[in-house]
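Morning, everyone. Let me put the structure up, and then we'll walk through it piece by piece.

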Amino acid sequence: MAEPQVLQVSDLHAYYGQSHVLQGISLRVQEAECVALLGRNGVGKTTTFLSIAGLMAKATGHVTLGDRALLGQPPHRIARLGVVYVPAGRRAFARLTVKDNLEMAVPRSINKQQAIEDVLSVFPGLRERLTVPAGVLSGGQNQMLKMARALLVKPRFLLLDEPTEGLAPLVVQQMGVHIEQLLARGVGVLIAEQNARFTLRLSRRVYVLGKGVIKLERSGDRLYDDQEVLSHLVV
Amino acid sequence: MSAGTLLVEVLSGLSLAAILFIVASGMTLVFGTMRVINMTHGSFYMFGAYLLAITFHRFDQHAFGFAGAFVVSSLLVAALGVVVEFVVLRRLYQGEHLLQLLATWALMLVFGQLALDVWGSATVTPPSPASLSGTLSVGAASIPVFYVFLIAFAAFIFVALWFFNNRTGVGRLLRAAVEDHELLTTIGVNVRRLYTVAFAVGAFLAALGGALIAPEISVGPGIDLSILVESFVVAVVGGLGNVNGAVLGAILIGLAQSFGATYFPNMSEAAIYFVMVVVLIVRPRGLLGKEEF
């Protein structure tokens, strides 16, 4: 990558019909940086991601990648520009095979075989499941499929929504390793989680979201020990 | 009743089913992918039939001329489908289904009036291609060659659709879009363009049906509405969104029409609705429909 990239969100507002769910969100993620977006259920974490990814019908404000405006662009172009949203939960094309799920994510200009071989070396657990329908994968395998699929799109920034939801502790650890590898390769990662501990260990910056606004922004090396951050997260 | 007349009756029903399947498969494909009930589907069929009537005279009246005429007609209508999707439907995906229904219904009225203004209220029947007219003798029965051709062609379309769906990249994307179109955009797929393709294929199939049957019917005002209703019944009986279901639905409805016309001529119009009611009582989602909407 030639110049350092920044994903910048400023004064982002979003609406579901009449309800004003994001009321001026500003945040930024640099390349090779992990940023946490924390907050309780229903405060707007997913809506923030949907807005960045171009999937909210009504969103205003500014979302930029470097000097390129993303807000208003169609979602597939935002993904192709390298801002890739990985939704929460069991999202896969359940009736298609794992291989199909992966192949579809490979841009046309890239050799499919090689690209898939590359992600399988990162997620070897998927190799023996290539021919089964994605719907039968376990929760952990499904998370790996979601990550692998996102990697194939060639992300510069990943928006991970609840990447450890429902995972066994050992798999959560694996996920942490994968994310650290991505960071080392220069990918910027924005993680939305309710379960703060995992995310805070990876992150050097955190935004705490409450009712559609940023309530707190902190940077530092020991965010998981930061009493002020934690005080916002007591459920 | 002799076996011969029964055979003719069945084949006549299956030839109706052939056209119904081709048209209804387009409707069910569009619904399955885009969740749009396309009321202009009958108009595409009508344009296919009219265009065949026009272009047929430009080609020689042999088999290849017929082939050329209906390929040209269907492609022109597919292009019209692209325009309709681009100009009208594209603006309505976010809104309620009622809006799509109303908009495509309105378009059907516009297209119907347009056809009336351009081609008048008189009906036309393009001549049958020479190589496909005539009859085959099977025992005592004589079977129109055109019936056999229609049935074979519908079988070919079924195989082609299966291949398109299961063995091509676009087909795979369409199957994925049925499951989760939002997820598809997050991996960089232009779902809008995919919808345009699906809609064009739907229009193409409708027009193909219209063009194929044109030599057998009176092409005139009103055929858009009647095929719309019939293909909708076929799609619903089979299970909306399911191409295999459309085959079953078409066979059932085609046979009901054929036998209904022979044995209950006073009620033949009602025969297909009778079948639909019975099927929906037993299987509310249609024969192969899934519990999802």
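Start at one pair: Val35(A) stands opposite Arg205(A) in β9(A). Before going on, the ground rules. This is a predicted model, where local features need pLDDT of at least 70, side-chain atom pairs count only at pLDDT 80 or more, and totals for chains, interfaces and linings use all residues. Residues are numbered from 1 along each chain as its sequence is written, while chains are lettered from A and ligands numbered from 1 in the order in which they are written.

Back to that pair. Strand β3 (residues 34-38) of chain A runs parallel to strand β9 (residues 205-210) of chain A, and 4 bridges join them. Helices (H or I, at least four residues) and strands (E, at least two) are DSSP runs, numbered from the N terminus. Two strands pair if DSSP finds at least two bridges between them.

β9(A) has another neighbour. With strand β10 (residues 213-219) of chain A it pairs in the antiparallel sense, over 6 bridges. Val208(A) has Leu216(A) in β10(A) as its bridge partner. What lies between β9(A) and β10(A) in the hairpin? A turn of 2 residues, in which Lys211(A) has a positive phi of about 45°.

Chain A also has an open sheet. Its 4 strands pair antiparallel, in the order β2-β1-β4-β5. β2 (19-30) and β5 (68-69) of chain A are the edges, each with a single partner strand, so one side of each has no neighbour in the sheet. Strand β1 (residues 6-16) of chain A pairs with β2(A) over 9 bridges, antiparallel.

Now chain B. It has 10 helices and 2 strands. From the N terminus, the order is α-α-α-α-β-β-α-α-α-α-α-α. Its radius of gyration, taken over C-alpha atoms, is 19 Å, close to the 19 Å from the globule rule (2.2 Å times the number of residues to the power 0.38) for 293 residues, so chain B is as compact as a globular protein of that length. Buried residues make up 48% of those 293. A residue is buried if 20 or more other C-beta atoms, placed from the backbone, lie within 10 Å of its own.

Take α1(B) first: 25 of its 32 residues are buried. Arg35(B) follows α1(B), with a positive phi near 60°. Next, helix α9 (residues 243-263) of chain B. 15 of its 21 residues are buried, so α9(B) is largely enclosed by the rest of the structure.

On to the largest nonpolar core. That means buried Ala, Val, Leu, Ile, Met, Phe, Trp, Tyr and Cys residues joined through C-beta atoms within 7 Å. Of its 164 residues, Leu159(A), Ala49(B), Ala207(B) and Ile253(B) touch the most other members. Helix α1 (residues 3-34) of chain B gives the largest share, 17 residues.

Last, where the chains meet. 16 residues of chain B are in contact (C-beta atoms, placed from the backbone, within 7 Å) with 21 residues of chain A. Which helix of chain B gives the most to that side? Helix α6 (residues 169-186), with 10 residues.

Definitions and conventions: Buried ≥ 20, exposed ≤ 12 C-beta atoms within 10 Å, placed from the backbone. Contact = placed C-beta atoms within 7 Å.
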